[in-house]
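Let's walk through this model together and ask what stands behind each label. Keep the viewer open as you read.

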Amino acid sequence: MITKKIVPIFAGGGTRLPAHVGILQALQEFDLEFDHLVGVSGGSIISSLYASGLTLAEIKHIALNTNYNQFREFSLIKLIRSGGLSSGDVFERWIDRLLNGKTFADLDYNLHVVATDVARGQPVIFDKEHTPDVKVSLAVRFSMSIPLVFSFKTFGKHLMVDGSILSEDALHRDWAKDETPVICFRLKGEYEYDEIQVKGIFPIVQYISLLIRTFMTTISREYINNEFWHNTVVVNTGLSSAVDFNMTTLQKEALFYKGYYTAHKILPIKVKALSE
C-alpha cells in the first residue's frame, strides 16, 4: 500500500524561503495528506504561514516579493550586548502580522516549530501540546535566529537560537505519535563566494561577515546519516546563500523551481520506499 500521509519537515534554508514554497507545491500536486508539519529556521516561516491558513499562492507571493533586507541591521552595540547584529524585532512584527497574531492553539494544523536552547544544547519544541498559548511568531523568531545575525533571546530558562544547529536525530521522530512517516526536506548550497578583503584599522565587520558565512555554509553541507537517508530529500540550491538578504526576484523564482522540481522528482521514490 502506497503511503498517502506524511509529516513534512521543512528544515533550514535561511533566506531561501521560495525553495520551501516549491516543495509545498509538489506536495499538493502529489495529493499527499498531512495534518502535522515541522518547521526549522527558514522552513519555520513557510510552514507557519501554511499552517495559519494562507493559500499556496499567497505564500508564494510573500516569499517572492518581500524585501528581506528590511530585517537586517548592523549594530555592533547589539552584537556585544545580545549576541546578534539585529534584534529580530522587525522580523517578529512582520511575521506576526501575516499570521494575524495567532497562537499555536489557533491553528488548524499541528505545527511544530523547533529551535535550539544553546545553554543546554537541546531542542525546544513549540506546538499545541507544549506551548498552546504562545504566539507562533515568537517561536518562528526563535527558530530562525541565525547566530550573530539575530540576537539571542530568552524563553523561560532557555536561551534560544536557530534550530538548524540541531543534529538530525532531533528532527526525525514520531511527530504525529501514530507512526506516520516523516520526510525531511533539506536545502544544501554549493557556495563559491567572492573573497572578502580583511583590511583597515577596524576589520571587525569583515571578520563577522566571514564567520557568519562560514557557519551557515557548514550547516548546509552537514553530512546526512545513512539512518535517515531513506526519508530525506535534499534540494541543491546552487550558489544561493542562506544569508543573502538582497536576492532579486529572479533568484527567488529560481529557488522556487529548484524546490519544486527536486521534490517532484524525488518524492515518488521516497514515498515508495516508505511504503515497502
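Q: What makes Ser41 count as buried?
A: Welcome to a predicted model. Its Ser41 has a relative accessible area of 1%, and buried means under 20%, so Ser41 is buried. In the chain, Ser41 lies in the loop between β2 (36–40) and α2 (42–51).

Q: Which residues does Ser41 touch, not counting residues up to four places away in sequence?
A: Ser41 touches Gly12, Gly14, Ser143, Met144, Asp162 and Ser164. To be in contact, heavy atoms must lie within 4.5 Å.

Q: Where does UniProt place the feature "active site"?
A: The unreviewed UniProt entry places it at Ser41 and Asp162. These two are spread over 122 residues of sequence, yet they cluster in space, with a largest C-alpha distance of 5.8 Å. From this set, Ser41 is part of the lining of the second largest cavity.

Q: Why is Asp162 called buried?
A: Its relative accessibility is 1%, and the cut-off for buried is under 20%, so Asp162 counts as buried. Asp162 sits in the loop between β8 (158–161) and β9 (182–189).

Q: How do you know that helix α6 (residues 136–143) is largely enclosed by the rest of the structure?
A: Count its residues: 7 of the 8 are buried, so α6 is largely enclosed. The buried ones are Val136, Ser137, Ala139, Val140, Arg141, Phe142 and Ser143.

Q: What makes α2 and α5 roughly parallel?
A: The axes of α2 and helix α5 (residues 89–98) cross at roughly 25° and come within 10 Å. Angles under 35 degrees count as roughly parallel, and therefore α2 and α5 are described that way. In their contacts, Ile45, Ser48 and Leu49 from α2 meet Phe91, Trp94, Ile95 and Leu98 from α5.

Q: Which residues have the most contacts inside the largest nonpolar core?
A: They are Leu27, Phe104, Phe126 and Leu267, in a core of 57 residues. Helix α1 (residues 17–29) gives the largest share of this core, 7 residues. Phe104 shows what such a position looks like: leaving aside neighbours within four places in sequence, its contacts include Leu111, Val113, Phe126, Pro132, Val134, Val136 and Ala139. Another core, of 12 residues, lies apart from the largest one, and among its members are Ala11, Val114, Trp175 and Val182.

Q: Is Leu32 buried or exposed?
A: Leu32 has a relative accessible area of 9%. Buried means under 20% and exposed over 50%, so Leu32 is buried. Leu32 lies in the loop between α1 and β2. The C-alpha atoms of Leu32 and Lys4 are separated by 5.1 Å, although these residues are 28 residues apart along the chain.

Q: How many helices and strands does the chain have, taken as a whole?
A: There are 9 helices and 10 strands. Of the 276 residues, 53% count as buried. Among contacts between residues at least 6 apart in sequence, 76% join residues at least 24 apart.

Note on methods
Residues numbered from 1 in each chain as written. Predicted model: local features only at pLDDT ≥ 70, side-chain atom pairs only at ≥ 80, totals over all residues. Heavy atoms only, no water. UniProt positions renumbered as here; feature names shortened; annotations may be inferred. 1 Å grid on protein atoms, 1.4 Å probe; cavity = no way out; pocket = protein on both sides within 12 Å on 5 of 7 lines; lining within 4 Å. Helix = DSSP H or I, 4+ residues; strand = E, 2+ residues; numbered from the N terminus. Buried < 20%, exposed > 50% of the residue type's maximum accessible area, 1.4 Å probe, protein only. Core = buried A, V, L, I, M, F, W, Y, C linked by side-chain atoms within 4.5 Å. Axes fitted to C-alpha atoms, helices over the stretch in contact; angles between N-to-C directions. Parallel < 35°, antiparallel > 145°, perpendicular 65-115°, else oblique.
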